[in-house]
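Subject: Structure handover

Hello,

Please find the structure below.

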Amino acid sequence: MAVTNVAVDVLLAVGVALEAACVAGVLIMPTTFDRLHYVGAATTVPAFCILAAVLCREHLSSGGIEAIAAVGLVFFLFPVLLTATARAIQKTERRGGS
Amino acid sequence: MNAFVWAATGLVVLILPLLAVAALRRPIDGLVALELGGVLLTLTLLCLAEGFHRSFEYAVAIMAGVLSTISGLVFARFLGRWL
């Protein structure tokens with residue numbers, strides 16, 4: 001039980017720290033395409049760290065499966081969104097930006 | 001407060017600078033910040049559901065993930081076409 005608690009704490013800390021790095025990237029990076037890379041990164045490793053922490057507690061109960069569904073949906077749907085956003089950025093910059 | 005509630009608090013705090021980006025920079029940069037905010041919101045709701053031991057709140061996290069994706073697509077389409 002103590003090992004599980006430590007694992008949950010470490011996974012949550014790593015997840016939140018990586019999300020903070022992604023937010024810092026969106027704040028600091030010079031171009032919009034660079035910022036978009038950090039949005040994509042936020043849906044991968046940090047999200048799975050938090051999912052792993054939830055699964056340490058819930059295992060494969062209904063809550064655990066719903067957590068897998070939430071992170072899985074974000075992981076698989078966001079590339080579509082990022083592609084659409086990249087197209088919008090390209091169109092905006094071709095017109096001279098707004 | 002357990003670890004999950006602390007993590008949710010940290011994730012909510014991370015949304016605040018994104019609000020500043022959405023308010024102050026170009027609209028397309030605001031869209032990028034909005035998308036990252038959607039990810040953070042989904043993970044926050046996931047942490048809160050586990051932290052408060054309310055299993056029905058996982059469905060809220062699922063809906064937040066889906067709806068933030070759809071809203072981002074609508075905004076991307078709008079910005080690409082009209083701005």
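In chain A, 62% of the contacts with a separation of 6 or more join residues 24 or more positions apart. Two residues are in contact if their C-beta atoms, placed from the backbone, lie within 7 Å. This is a predicted model: local features need pLDDT of at least 70, side-chain atom pairs count only at pLDDT 80 or more, and totals for chains, interfaces and linings use all residues. Residues are numbered from 1 along each chain as its sequence is written, while chains are lettered from A and ligands numbered from 1 in the order in which they are written.

Chain A

Chain A has 4 helices and 0 strands, in the order α-α-α-α along the sequence. Helices (H or I, at least four residues) and strands (E, at least two) are DSSP runs, numbered from the N terminus. The radius of gyration of chain A is 17 Å, well over the 13 Å that the globule rule gives for 98 residues, so chain A is more spread out than a compact globule. That radius is taken over C-alpha atoms, and the rule is 2.2 Å times the number of residues to the power 0.38. The C-alpha trace of chain A spans about 60 × 25 × 15 Å along its principal axes.

Of the 98 residues in chain A, 38% are buried (20 or more other C-beta atoms within 10 Å of the residue's own, with C-beta atoms placed from the backbone).

The core

The largest nonpolar core has 54 residues. Such a core is a set of buried Ala, Val, Leu, Ile, Met, Phe, Trp, Tyr and Cys residues joined through C-beta atoms within 7 Å. A:Val26, A:Ile50, B:Leu36, B:Leu46 and B:Cys47 have the most contacts inside this core. H2(B) gives the most to the core, with 14 residues. Leaving out residues up to four places away in sequence, B:Cys47 touches A:Ile50, B:Phe4, B:Ala7, B:Ala8 and B:Leu11.

Between the chains

Which helix gives the most to the side of chain B that touches chain A? In all, 40 residues of chain B are in contact with 42 residues of chain A. H2(B) gives the most to that side of chain B, with 15 residues. By class, the side has 28 nonpolar, 7 polar and 5 charged residues. Ala, Val, Leu, Ile, Met, Phe, Trp, Tyr, Cys and Pro count as nonpolar, Asp, Glu, Lys and Arg as charged, and the others, Gly among them, as polar.

Regards

Terms used:
Buried ≥ 20, exposed ≤ 12 C-beta atoms within 10 Å, placed from the backbone.
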